Amino acid sequence: MAKASSRKPPETPPDPMPARIEPCVAMLVDKPPKGRQWAFEVKWDGYRLALHVEPGRVRIITRGGYDWTDRFASIATEARQLGHATMILDGEAVVFDDKGRSDFGLLQRALGRKPSLHDPREILFFAFDLLYLDGRDLRRLPLSERRRLLESIVVAGRAGVIRLSEEVEADGDEFFRIACEHGLEGIVAKRRDKPYQSGRRPDWQKIKCVCRDSFVIVGYEPSTMPGAIGRLLLAARKGEGLVYVGGCGTGWTFQESVKLRDLLDTIATDQPAVGLRRKGAVFTRPMLVAEAEYRAWTQDGKLRHPSFKGIRERADDATVFAISPDP
């Protein structure tokens, strides 16, 4: 009689750790979906980041694939203390206002200051997904399983700069109503039973109290107030180029407007980036991006009631609003 083998079955080789994962992006819809298969979270108003804990280093990668580790040093430092040699967290960096709401403008100011002028721990990272852990690529697992593992690492109510973006057990319509009443940007709905897939997916949906997107600054119209801006001229991506989507004339103080005009004057040009004629306008090279809130789009493709919320360099083009090319 043959003896049973004492050999252990071979261990499953570890999954290679991705250098970068293209993020899953929520589709914008008008109202929350129905059904127990949907999980709901707050829609954070900040920078989408992937937090990579790797052997010997931590990297923080933007939605567009840029390494911004040095800008979020306190988050990178704390990531080493989570107890795992390798992992990838998907989440959002935010700064809270005095009412406990995430505020993109405050985040921009915190990132723009010299390190000595602000507490780096005011920038928080809210983790909402776990994509890789200790040699295992988790993207093929359903969201419910990924969340279970995430919550064992970043527990609910955890103090520190890395926190859990908690799921809210509530009816979607009711949660959305309350979120808007409290001045939040909106909510996100995710299918509990679906794997993680890169790109814009119907498995993740966002419902906004107001619309908020990034647009390229292509110029400005001077204000009647000396040295200030009357309106920013904004453009969206369309195919390989840019298309004008209207002007934005609110959302800043007079002092902020003067500083913004001084900045734009350094990149003024005689060659507009869009096909636009405006008497008295100052056109600029398309190097800066404005974050703007707005209510809707007009029938002729312009922003309705836009309000300025912040500015950054045009490095991460993945976040600039894109209009579908004409068929």
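1. Starting with the cysteines: Cys248 is buried, at 1% relative accessibility. Keep in mind that we're looking at a predicted model here. The sulfur of Cys248 has its closest cysteine sulfur in Cys211, 14 Å off, which is too far for a bond.

2. What about Cys211, buried or exposed? Cys211 has a relative accessible area of 17%, and with the cut-off for buried set at under 20%, Cys211 goes down as buried.

3. The partners are Cys180 and Cys209, with 2.0 Å between their sulfur atoms. As a reminder, a disulfide is a covalent bond between the sulfur atoms of two cysteines. The link of Cys180 and Cys209 is left-handed, with -95° about the S-S bond.

4. What does this link tie together? Cys180 sits in helix 4 (residues 172-181), while Cys209 is in the loop between strand 10 (199-208) and strand 11 (211-222), so the bond joins parts that are 29 residues apart in sequence. Cys211, on the other hand, is in no disulfide, and the nearest cysteine sulfur to it, that of Cys209, is 10 Å away.

5. The largest pocket holds about 1,300 Å³. Its lining runs to 46 residues, and the ones nearest the centre are Phe104, Gly105, Gln108, Arg109 and Ile311. If you're colouring by class, the lining of the largest pocket splits into 20 nonpolar, 9 polar and 17 charged residues.

6. Which elements build the lining of the largest pocket? At least two residues each come from helix 1 (73-79), helix 2 (104-112), helix 5 (254-265), strand 15 (288-294) and strand 18 (307-313). Helix 2 has the largest share of that lining, with 8 residues.

7. The second largest pocket comes in at about 930 Å³. It is lined by 40 residues, and Val25, Lys43, Arg63, Lys206 and Asp213 are the closest to its centre. The class count for the lining of the second largest pocket is 19 nonpolar, 4 polar and 17 charged.

8. Strands are what you'll want to display around the second largest pocket. Strand 1 (24-28), strand 2 (38-42), strand 3 (47-54), strand 9 (186-191), strand 10, strand 11, strand 15 and strand 16 (296-297) each put at least two residues into its lining. Strand 10 and strand 11 have come up already, since the loop between them carries Cys209. Strand 15 is also on the list for the largest pocket, again with at least two residues.

9. How many cavities of 30 Å³ or more does the structure hold? There are 2. About 100 Å³ of space lies in the largest cavity. Ile21, Pro23, Ala50, Ile61 and Thr62 are nearest the centre of this cavity, out of 13 lining residues.

10. Strand 3 and strand 4 (57-62) are the elements giving two or more residues to the lining of the largest cavity. Strand 3 gives the most, 4 residues, and strand 3 also supplies at least two residues to the lining of the second largest pocket. By class, the lining of the largest cavity has 7 nonpolar, 2 polar and 4 charged residues.

Terms used:
Residues are numbered from 1 along each chain as its sequence is written. This is a predicted model: local features need pLDDT of at least 70, side-chain atom pairs count only at pLDDT 80 or more; totals for chains, interfaces and linings use all residues. Side-chain values use heavy atoms; hydrogens and water are left out. A disulfide is a pair of cysteine sulfur atoms within 2.5 Å. Buried means under 20% relative accessible area, exposed over 50%, partly exposed in between (1.4 Å probe, protein chains only). On a 1 Å grid over the protein atoms alone, a cavity is a set of points where a 1.4 Å probe fits but cannot get out, and a pocket is an open set with protein on both sides within 12 Å along at least five of seven lines; lining residues have an atom within 4 Å of a point. Grid points are joined across faces, edges and corners, and a volume is the space filled by probe spheres set on the points. Ala, Val, Leu, Ile, Met, Phe, Trp, Tyr, Cys and Pro count as nonpolar, Asp, Glu, Lys and Arg as charged, and the others, Gly among them, as polar.
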